Amino acid sequence: MRERFADALRSQVVGPFLIMLAVATAMALSTDRFLLSQNLKNVGLQVAIVAIVAIGATIVILTAQIDLSSGSLVALTSVLLADIVKNAGLSVPLAALLMILMGAGLGLVNGFFSSYGRIPSFIFTLGTLAIFRGLAFQQTGGTPIFSVSPQLDPIFYGELGGLPLPFVYVVVLYALAWAFLIYTPRGRQIYAVGGNESAARLSGINVNRVRTEAFVIAGALSAVGGILLTARLDSGSPNYGQGLELMAIASAVIGGASLFGGQGNIFATLFGAFTIVIVQNGLNLHAVPSAWQNITLGAIIAVAVGVDMWRGEFARLLVRLWRRGRAAQDEARPTTSTSAEDDVQSRP
Amino acid sequence: MSDHPLLELRGVSKSFGSVQALTDVDFEVRAGEVMALVGDNGAGKSTLIKCVAGIHGMDDGQLLFDGSPATIHGPKDAAKLGIEIVYQDLALCDNLDVVQNMYLGREERNWFHRLRESPMEAKTSETLRSLAVTTIRSIRQPVATLSGGQRQSVAVARAVMWNSQLVILDEPTAALGVSQTEQVLELVKRLAEQGLAVVLISHNLHDIFEVATRITVLRLGRDIGVYERATTTQEEVVHAITAGIPTKVAGIAGTGNGAPA
Ligand SMILES: Nc1ncnc2c1ncn2[C@@H]1O[C@H](COP(=O)(O)OP(=O)(O)O)[C@@H](O)[C@H]1O
Ligand SMILES: [Mg+2]
């Protein structure tokens, strides 16, 4: 029985994987430079930050909420980290830890007001999207902080056992997220809250708390993204992370997560992140102007969400057909068991 | 059957804004009996049991469990007392499978907070088997793919799995076919025989007279009275449902001054 469950999971991952493969093939066929090892390495480094922020986006979306503030939180983390390391002289590990705590705390604010406070998360995090970036500009007076610290470089460009660290972070964080979602009661409750909020509540699940925790996780992961971006560029800037929230959400949705909640697979999100970054990379290689890149990203999101909507219809249609098929089967097979007729609506 | 009530409600009132859903309602159920709770649509049946579950706070009134006053603030408190409720608006998650729904909110876990799937699967299978629910092909099937009757079976099975003392079923047969209804009614009888207190909400009198020990009638949010199944008739109960006058305020016409249904 567990095998069947695993099958279902795998099938959720196959589609997004094929999409990623198709996009990569298209890029490889259209430009020779795509498959250059330097370019592939670039894609890998670029995908890491998107993919990590997308974990949080997915978990929040699973609870039928949305976090629009992650890109701004990346920027805020970046300038604060640069500031406290360069100007206040904090050691990088301590500063990074503080940033993750701050991210979790700001996630708590997002989660608290969108669940206990009953402000739709779409609206509330739109507010914090503006607030966090505003704070980031406020912090530096709008100018980036360059040459922060030589200690930052190894965080992003270091290696562990020959593997680039960003790769290691992605593997570890995705494994943790997967274990959390599939193997812990809380992970299951996240799916339950997104699947049927009132059923979850009637079953004694503290829906507000589950949702708040999802935002806390997302906030902490955005901070991780901000730290990595700062380390990668050895600078903090209030302009970092623009549109990153859309890329993260798009990764989840391309990976099959439903914006209605309760549906989604964390590994599928990873393929979604790859798809987004490969498209962006391909457009760069083809020297497509950035305005058109934005338009493309927007179009991809629109299509992915559209597919999410149609998929619901499509699935319902399949279930109906399947049931009709079964009913026909049961009719055709004469049976003494009375339990076959359970769809009959014939109470007096 | 014991002769003191397992659950007793005294003088429960509840309003939603200007809608007076319950007015001074008394209710009780004993271990080993099936207490039917009947009344027209909007009479306040679901509201009454949601007060028991702590989903709605009572404006007024008292709840006694096993003779002593108890306060229930939510489904968890109710479960702690051994009260399980199958809600009318089916409380299942379509995106989760049968096992996941059976254990929703109280998943088995080990010391490391890891879900223990095997015992959950075993207990789910065992419970479904003990209730003679045989049509579900896989307990790892998402609930979305089940039929109405199968979903109801899962909901009932979930309520009885927890060694509960009191099981409340809110219109469990409303969406079921004939044979599935019989199965659920059989199940209800069996629960009472096993010594559980059962509250069965229905407005199908045929079902009620088949399984109930006693019948409480609600009308326009007031309780009209309790009838012994053995000594009453369908006519008397129908009359109570449609035109009954609350005995507690004898002398005041039952019609006209109640909350609109
Ligand atoms: N959550 C609610 N908010 C407002 N009114 C409600 C709510 N729940 C029930 N009511 C009202 O209370 C009355 C009793 O409803 P209910 O208990 O559902 O009746 P029954 O289950 O007997 O059909 C109805 O008038 C209904 O409209
Ligand atoms: Mg009702």
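# Exercises on a predicted two-chain model

Val167(B) stands opposite Val198(B) in strand E8 of chain B. That pair opens the first exercise; keep in mind throughout that the model is predicted.

## Exercise 1: the surroundings of E8(B)

Work out which strands pair with E8(B), and decide whether its residues are buried or exposed.

**Solution.** 

Step 1. Turn to burial. E8(B) spans residues 197–201, and five of its five residues are buried.

Step 2. Sort those residues by face. In a regular strand, side chains alternate between the two faces of the sheet. Here Ala197(B), Val199(B) and Ile201(B) are on one side, while Val198(B) and Leu200(B) are on the other, and both faces are covered.

## Exercise 2: the shell around ligand 1

Find how many residues surround ligand 1, and which element gives the most to its shell.

**Solution.** 

Step 1. Twelve residues surround the ligand, and the closest are Phe16(B), Ala21(B), Lys45(B), Ser46(B) and Thr47(B).

Step 2. Assign the shell to elements. Strand E2 (19–30) and helix H1 (45–53) of chain B each supply at least two residues. H1(B) gives the most, with three residues.

Step 3. Classify the shell around ligand 1: six residues are polar, five nonpolar and one charged.

## Exercise 3: the overall form of chain A

Judge why the radius of gyration of chain A agrees with that of a compact globule, then describe its domains.

**Solution.** 

Step 1. For 348 residues, a compact globule would have a radius of gyration near 20 Å; chain A has 23 Å, which agrees. Along the principal axes, the C-alpha atoms of chain A fill a box of roughly 80 × 50 × 40 Å.

Step 2. Chain A holds 13 helices and two strands, and 44% of its 348 residues are buried.

Step 3. The domain assignment gives domain 1 (45–269) and domain 2 (296–339) of chain A, with C-alpha centres 34 Å apart. Their contact takes seven residues from domain 1 and six residues from domain 2. On the domain 1 side, six of these residues are nonpolar, one is polar and none is charged.

## Exercise 4: one residue in chain A

Explain why Ala136(A) counts as buried, and trace its contacts.

**Solution.** 

Step 1. Locate the residue: Ala136(A) lies in helix H5 of chain A, residues 121–140.

Step 2. Count neighbours. The cut-off for burial is 20 or more other C-beta atoms within 10 Å. Ala136(A) has 26 C-beta neighbours inside 10 Å, so it counts as buried.

Step 3. List the contacts. Leaving aside residues up to four places away in sequence, Ala136(A) touches Ala75(A), Leu76(A), Val79(A) and Pro238(A). The C-alpha atoms of Ala136(A) and Asn239(A) are separated by 8.5 Å, although these residues are 103 apart along the chain.

## Exercise 5: where the chains meet

Identify how many residues of each chain are in contact, and which helix of chain A supplies the largest share of its side.

**Solution.** 

Step 1. The contact brings together 33 residues of chain A and 39 residues of chain B.

Step 2. On the chain A side, H8(A) supplies the largest share, five residues.

Step 3. By class, that side of chain A has 13 nonpolar, twelve polar and eight charged residues.

Terms used:
Residues are numbered from 1 along each chain as its sequence is written. Chains are lettered from A and ligands numbered from 1 in the order in which they are written. This is a predicted model: local features need pLDDT of at least 70, side-chain atom pairs count only at pLDDT 80 or more; totals for chains, interfaces and linings use all residues. A residue is near a molecule or strand if its C-beta atom, placed from the backbone, lies within 6 Å of it. Helices (H or I, at least four residues) and strands (E, at least two) are DSSP runs, numbered from the N terminus. Ala, Val, Leu, Ile, Met, Phe, Trp, Tyr, Cys and Pro count as nonpolar, Asp, Glu, Lys and Arg as charged, and the others, Gly among them, as polar. Domain bounds come from an automatic or database domain assignment. Two residues are in contact if their C-beta atoms, placed from the backbone, lie within 7 Å. The radius of gyration is taken over C-alpha atoms; the globule rule is 2.2 Å times the number of residues to the power 0.38. A residue is buried if 20 or more other C-beta atoms lie within 10 Å of its own, exposed if 12 or fewer, and partly exposed in between; C-beta atoms are placed from the backbone. Two strands pair if DSSP finds at least two bridges between them.
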